[in-house]
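Hi everyone, thanks for making the time. I'd like to walk you through one model today, so please have a look at the picture first.

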Amino acid sequence: MRDVFDALAEPARRAILDELRVRDGRVVGELVERLGLSQTSVSKHLKVLRNAGLVTTLVEGQQRRYLLRPGGMREVEDWLAPHRAFWERRFDDLAAHLDRTYPEEGP
């Protein structure tokens, strides 16, 4: 799991994932152009994302297309689930408190 969080800690890698979310199947050159990073940098970031299981490649001739890996974020989702539940309960409690404290006035 640490690999996934390490991969997501870098803003450039999150930007790559965002680009692939918008349009899956981009090649390195497209990512270089969209993000303004060097080809070497994008390639290194893609390697980290591949090793973390967040992206996969599709070879088409001499090009590699990068795709989001289905389930790649499952570890993050599993880790977040109890935290999300905790905060949703807190927000529900806050909403109930505000409704009691500041009830809506009728017409």
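Let me start with a question: does Glu77 count as buried, partly exposed or exposed? With a relative accessibility of 40%, Glu77 counts as partly exposed, because buried means under 20% relative accessible area, exposed means over 50%, and partly exposed is in between, with a 1.4 Å probe and protein chains only.

A word on where this comes from. This is a predicted model, in which local features need pLDDT of at least 70 and side-chain atom pairs count only at pLDDT 80 or more, while totals for chains, interfaces and linings use all residues. Residues are numbered from 1 along each chain as its sequence is written, and side-chain values use heavy atoms, with hydrogens and water left out.

Now the overall layout. The protein has 5 helices and 2 strands, and from the N terminus the order is α-α-α-α-β-β-α. Those elements are DSSP runs numbered from the N terminus: helices are H or I with at least four residues, strands are E with at least two. The radius of gyration is 20 Å, whereas a compact globule of 107 residues would come in near 13 Å; that is taken over C-alpha atoms, and the globule rule is 2.2 Å times the number of residues to the power 0.38. Along the principal axes, the C-alpha atoms fill a box of roughly 70 × 35 × 20 Å. Of the 107 residues, 24% count as buried.

Back to Glu77, then. Glu77 makes a salt bridge with Arg74, with the closest N and O atoms 3.0 Å apart. By salt bridge I mean a side-chain nitrogen of Lys or Arg within 4 Å of a carboxyl oxygen of Asp or Glu. Both residues sit in helix H5, 3 residues apart, about one turn of the helix. Elsewhere, salt bridges that share partners tie Arg23, Glu30, Glu60 and Arg65 into one network. Within it, the side chains of Arg23 and Glu30 meet at 2.5 Å, N to O.

The structure holds 7 salt bridges. Another one pairs Glu19 with Arg34 at 2.9 Å, N to O. This pair links distant parts of the chain, 15 residues apart: Glu19 is in helix H2 (residues 11–22) and Arg34 in helix H3 (residues 28–35). Glu19 counts as buried, at 12% relative accessibility.

At 61% relative accessibility, Tyr102 counts as exposed.
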